[in-house]
Amino acid sequence: MSLNPFFELYAGDRISPDDFVKMFSDVLVPHATPIFAPGNAVVTGKQGSGKSMLLSLLRPEIRLQYYEAGVEFPVPLERRGFLSANVNLAHSSAYDFGLRRASDLEPEDVQLYFADFLNYLILRSLISCLKIYSRADDKVRKEVGLKLKGDECNSIVPALSAHPVWEGWIKPCETINEFDDQLQQRIRGYRRYLHKKVKIIDPEYLATRTTIGEPALIFSQILRDAGAIAPKTHIFIDIDQYEELANILNDKVEGQTVDYRATINKALANRNEFKVSYRIGTRGHAWRNHSKIMGTTAKLEEERDYKYVELDEILIRRENSKSDIFPSFARDVFNRRMVFAKFNVNLQEDLAIDEVYKKSFTPEEKIERLSLRKPQKVLKFDKNFSEKSKKRLLKLAKNNLLSAKLGEIWIRQKGDIEDLDILDSDLPWEKKKYWKKERREVALLQIASDAQQKPLWCGANDIIALSGGNILVFLSLNQFIWDTWILYKGKDSEIRPQLPIIDVHVQSLGVQKASKYWIEKITQETGMSSERSRFVAAIAGYFNKKIFADKKISYPGHTGFSIQKSELFEYPNVREYLEELADYGNLLMLDHTTKNKDRKQRIKFYLNPIFCPHFGIPFIRTKEPYYAPLIDLVGWLSEAGYSISFNKDVDTRPQRLV
Amino acid sequence: MSIYRPWGNVLWLLDKLKIEDWVTLGCIATESRSCTSVANYKDFSSSFVLLKITDPQPLESEAVANAYDDSESQLDSIPEDQKNVIESELMATLDDLEDYVELCVEKSPNVIIDITSFPKRWFFPFIQMLINDVRILNLVAVYTQGETYAATIAENPEPLRPLPGFITADERSSHDHAFVGVGFHDLGMLKLLGDDSVKKLNLMFPFPPGPPGNKKNWKFVEQINRKIGGDISSEEFSEPLSLHFLPALDASEAFTAMSNITRKGQLTSIMAPYGPKPISLAMCMFAIAVDNAGLEDVPVYYSQPQRYAVEYTKNALKSDDGLESWAYALKLNGRDLYTI
C-alpha cells in the first residue's frame with residue numbers, strides 16, 4: 001500500500017471491487033435515488049462529481065464484493081431488485097463509426113448500424129450480468145429477484161436465440177455460452193469493419209439489423225415469461241461516456257451529420273412495460289442542449305421520458321451552508337481513506353479531517369502564521385492620512401495586522417474623519433461586521449502580496465471549499481498535501497495508527513501544487529480545452545489585476561462576473577462557449593439575483609475555486625460580482641481564441657456544438 | 001535467429017538499398033521540416049504523393065495558409081508530373097487513407113513513407129496497410145528531427161480511443177503490459193489507466209533526452225505516477241511501473257524490447273504512442289507483428305489533437321553531416337523485417 005492514503009484518486013475507475021467497498025462513501029446515494037428506481041435516469045455532473053462511483057453500484061461485481069466483504073450494500077433494500085448492463089462507449093468502439101466513409105450511406109443508415117451494434121453490446125453485458133448473479137449465493141439472488149441458479153440460465157436460451165428480433169442472424173442454440181459467442185461474433189464483425197480489417201460490412205447485417213432497445217426488451221420479456229426473474233425486478237442499462245459522443249468528429253456528407261446521441265435518445269423515448277430503463281451519465285448543458293430523437297422531430301422531455309439527477313446542483317455550495325451536502329460527503333470520504341490507510345479513525349464521526357488539518361484558521365491566524373518581521377511595512381499611506389491616524393494604525397499593526405490593514409482601507413474609502421483614539425474593538429471597521437467580512441479575504445491577499453509572501457490556504461474548511469463541490473478535486477488536494485507532508489517527514493510519515501497533524505505551510509504548499517495541476521489539466525481535456533484554458537487565464541488575470549489595484553477594496557466581489565441572460569440568448573455561440581466552460585468545471589455558472597433597478601435576469605460566473613490559489617484571488621464569493629458588459633466578455637473570449645461573430649446569421653460554433 | 005533491420009542516415013540507407021523507383025508518401029505540414037525532409041532525399045524518389053492535412057479547428061487561418069505555402073515551396077524543384085498534392089482533413093476515414101495508399105501502389109512497389117509530420121492517426125494505418133499489402137516489396141520509413149519545438153505542440157485532444165486499425169476486436173480490457181511512450185504532453189492518455197486494467201506499466205523513456213525534453217519527459221512520468229499510485233520510490237510500487245531507457249531514434253531496439261518483455265507477444269499488451277516518433281514507429285510495428293502472428297491483438301490508444309501548432313518545430317535539425325534525417329527499412333524484397 002502507498003503511504004499516501006489518497007494515492008488512488010478515483011474510486012470508480014481503476015480501483016478493485018474489494019477496495020471500492022472500503023473507500024466508497026454512500027452519502028450521495030439518498031440524493032440520487034432515481035438511479036436505483038424504475039424509469040430512465042440521466043445523471044449529470046462534471047468529471048469527478050461522483051457519477052461513475054454511483055453508477056458503479058449497478059455493476060454485479062461491485063454488489064457481490066459488498067456481500068463478500070460483509071458490508072451492507074448501500075442501495076436501499078427495496079431497490080435492490082435489478083439486473084444491469086454497462087456499456088462504455090469509448091471502450092467498445094462505439095465511437096469508431098466515423099472511421100469509415102459514410103458518404104455512400106444515408107446518415108440515418110449509419111445510425112441504424114450504430115443502434116444494432118449497441119444492442120448487441122447491451123445484450124452481451126446483460127448476459128454477463130445474468131451469469132454472474134446465477135453463480136452468486138441465494139441471498140444475493142433473492143435480492144436481485146433471480147430465480148435461476150448456475151446452469152439453469154441455459155433454460156431461457158432456446159426462446160431467446162430463436163426470437164424473431166434477431167431477424168434470423170442468431171442461430172437457435174441451447175446454452176448461454178453458445179448464445180454469447182454469437183453476440184460476440186456480431187460485435188467482432190462490426191469492429192473489424194470499422195477498423196477496416198474487412199472492406200465492407202457483412203451484407204447479412206443489413207437485413208438483420210435490430211431496432212435500438214428491442215433486444216433488451218425481448219430479453220426482459222423472456223425472463224419474465226419464464227418466471228426466471230421476479231415481477232418487480234428491473235433491467236437497468238447504464239451507458240457510460242455518452243457525453244463524449246459530441247466530441248467525436250466524423251466523416252460527414254455536406255449538410256448532414258450522423259447523430260449518435262439521437263440514436264440512444266430513441267431508446268429512452270421508447271416507454272415499455274418490461275421494466276427496462278436506461279441510465280445515462282453526461283455533462284449538464286451538453287445534455288440539455290441535445291435531446292433529439294432519431295427519426296422524429298420530437299425531443300426527450302424531463303419527467304416524461306427520464307428523471308434528472310443533477311449532481312453538480314446537489315453538491316454546489318449554498319448561500320446557507322448548513323444545507324450543504326458536499327462537506328459531509330468530503331468528510332466521510334476523508335474518514336474512509338484514513339481507515340483504509342490503517343489510521344485509527346471512528347467512521348461514525350467525521351472529525352478526522354479537522355484533526356489532521358485543524359477545522360479552520362481565521363484570517364488573523366493565517367497572518368500570524370506568515371511570521372512577518374515588520375508587519376507595519378505592509379501598511380501603505382498617502383497624503384490623505386493624518387499623522388495621528390498613521391501612528392494609530394502602525395501601533396495596531398504590531399498586534400493585529402489585519403485590523404490595521406482594514407483600517408487603512410476604511411480611511412481610503414470613507415476619509416480620515418474619525419477619531420481612532422479608542423479601544424481596538426471599538427474601531428469603526430471592527431464594528432461593521434459585514435463590511436469587514438466582505439473584505440477580509442481580499443485584505444489577506446493584499447497583505448501577503450505586500451509582504452512578498454504567498455498567502456496561506458489551509459484548514460479543513462478551506463480545503464473542502466476549494467474543492468468546489470467536486471470530490472475528485474478534494475481527493476487531489478489531499479493527495480498533493482500528503483505527498484508534500486511525506487516528503488518532509490520521510491520515515492516518520494509511516495507511523496500508524498495515530499493521525500498526524502499536518503503543518504499549515506505544508507498544507508498550503510500542497511494546495512498551491514494542486515491548484516497549478518488543475519490549471520494545467522484543463523488543456524488535457526476534450527472539447528475546446530485550449531480555448532477554455534486561455535479564457536480561464538484571461539479572466540483570472542483580469543480579476544487579479546482588479547483586486548490588487550482596488551486599494552479601497554470597494555468591489556470585493558469582483559472575483560466573478562455577471563451577464564444579462566437575454567444577451568446570452570441573443571448570441572448562442574457566446575452562451576454555449578460559457579456553458580462548455582461550466583460543463584467542464586472551469587467556471588461555476590449560477591443564477592444571479594440582480595441588485596440593478598432594471599431587475600433583468602442575470603447569470604453569474606466564478607472561476608472554479610481550485611484555480612484561485614494559483615492566480616492569487618479569493619475563492620470565497622462575497623458581495624456583487626462584476627456586472628460585465630457583453631463587450632468585455634467578448635474581449636475575453638476573443639483573447640482566448642474563440643471565434644465570435646456579432647452577425648446573428650453567422651454561426652461560428654464548431655460543428656459538434658450545433 | 002535475429003533479423004538485421006537496417007536503419008541510419010536516410011541518404012546512406014537509400015544509397016545502400018540501390019532501389020530506383022521509390023514512391024514517396026509524405027505530408028506537407030505547416031512546419032517547414034515536413035518538406036525539408038522530403039526535399040533531402042527527393043533524388044531517390046521518382047514520384048510523390050503528398051498530403052496536405054487540414055486541422056478541423058485551425059486557430060490562425062492566414063498564418064496557416066502562409067506556413068503551408070512556405071513549406072511547400074521547398075518542393076518546387078520536383079517536376080509537377082511527379083507530384084500529386086492532395087488536400088485532406090485530419091479526421092479522414094480509413095477508406096480515404098486506403099485510396100492514398102492505392103495511389104502509391106499504382107506508381108511503384110517500393111514506398112518511402114515520411115512520418116516526420118504525419119499525425120499518428122495517419123501513419124499508423126498507412127504502415128499497417130503498406131506492410132500487409134503483398135504488392136509492396138520494399139518499405140522504408142523516414143523521420144527527420146526538429147530543431148526546437150513549440151511550447152504547445154498540439155491542442156484540443158479528442159477522447160482517448162484506439163487509433164484506426166489498431167483495436168482489440170474482443171474488447172479485452174485487462175492486459176499483461178502497457179507500453180507508454182514518454183513525451184511532452186499526456187493529453188488524455190491518463191484515462192487509459194482508468195478504463196483498462198494493466199498488470200505492468202512500461203514507460204518507454206527516450207534516453208538521453210537532452211534539454212528541453214528532459215524536464216517535460218520527467219513531468220510526464222510524474223503525472224503518470226501520480227495517477228497510478230503516487231510513491232515511485234516505494235518498493236511496492238516499483239513493481240507495476242518500469243522505466244525503460246531507450247535511444248530515442250532506435251525503432252529496432254524499442255521493438256526488440258517490447259518483444260522481449262511480452263515474450264514475443266505471448267503476453268497481452270496495450271500501447272499509448274506518445275513521445276519520439278521512432279518509438280511510436282516501433283509500437284506500430286509491434287502491434288502489426290503481433291496481429292500478423294495471429295496472437296491476441298495489441299490495441300493502440302491515442303487522444304488525437306484537433307489542432308497542431310503552426311510552427312510545431314522551428315526547422316529541421318541539421319548537423320555538420322547534414323540533415324538529421326533517419327530511415328528505417330521495414331520491408332525488403334517482400335520480407336517483413338519487424339516480425340515476432
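This is a predicted model: local features need pLDDT of at least 70, side-chain atom pairs count only at pLDDT 80 or more; totals for chains, interfaces and linings use all residues.
Residues are numbered from 1 along each chain as its sequence is written, while chains are lettered from A and ligands numbered from 1 in the order in which they are written.

**View 1. An open sheet of four strands in chain A, with mixed pairing.** The strand order is β7-β8-β6-β9, with helices (H or I, at least four residues) and strands (E, at least two) taken as DSSP runs numbered from the N terminus. β7 (587–592) and β9 (626–627) of chain A are the edge strands, each pairing on one side only; two strands pair if DSSP finds at least two bridges between them. β6 (residues 560–564) and β8 (residues 602–607) of chain A pair in the antiparallel sense over five bridges.

**View 2. Helix α9 (residues 214–225) of chain A.** This helix of twelve residues reaches 16 Å from its first C-alpha to its last, close to the 16 Å expected at 1.5 Å a residue, where the expected span is 1.5 Å times one less than the number of residues. Its buried residues are P215(A), A216(A), I218(A), F219(A), S220(A) and L223(A); a residue is buried if 20 or more other C-beta atoms lie within 10 Å of its own, with C-beta atoms placed from the backbone. Their cover includes α4 (107–134), α6 (157–161), β3 (234–240) and β4 (276–282) of chain A. Just after α9(A), G227(A) takes a positive phi of about 65 degrees.

**View 3. Surroundings of L126(A).** L126(A) touches L83(A), A85(A), A216(A), F219(A) and I235(A), not counting residues up to four places away in sequence; contact requires C-beta atoms, placed from the backbone, within 7 Å.

**View 4. Strand β2 (residues 22–28) of chain B.** Seven of the seven residues of β2(B) are buried: W22(B), T24(B), G26(B) and I28(B) point one way, and V23(B), L25(B) and C27(B) the other way. β2(B) and β3 (residues 45–54) of chain B pair in the parallel sense over seven bridges, and C27(B) stands opposite L51(B) in β3(B). With β5 (residues 110–114) of chain B, β2(B) pairs in the parallel sense over four bridges, V23(B) standing opposite V111(B).

Methods:
A residue is buried if 20 or more other C-beta atoms lie within 10 Å of its own, exposed if 12 or fewer, and partly exposed in between; C-beta atoms are placed from the backbone. Two residues are in contact if their C-beta atoms, placed from the backbone, lie within 7 Å.
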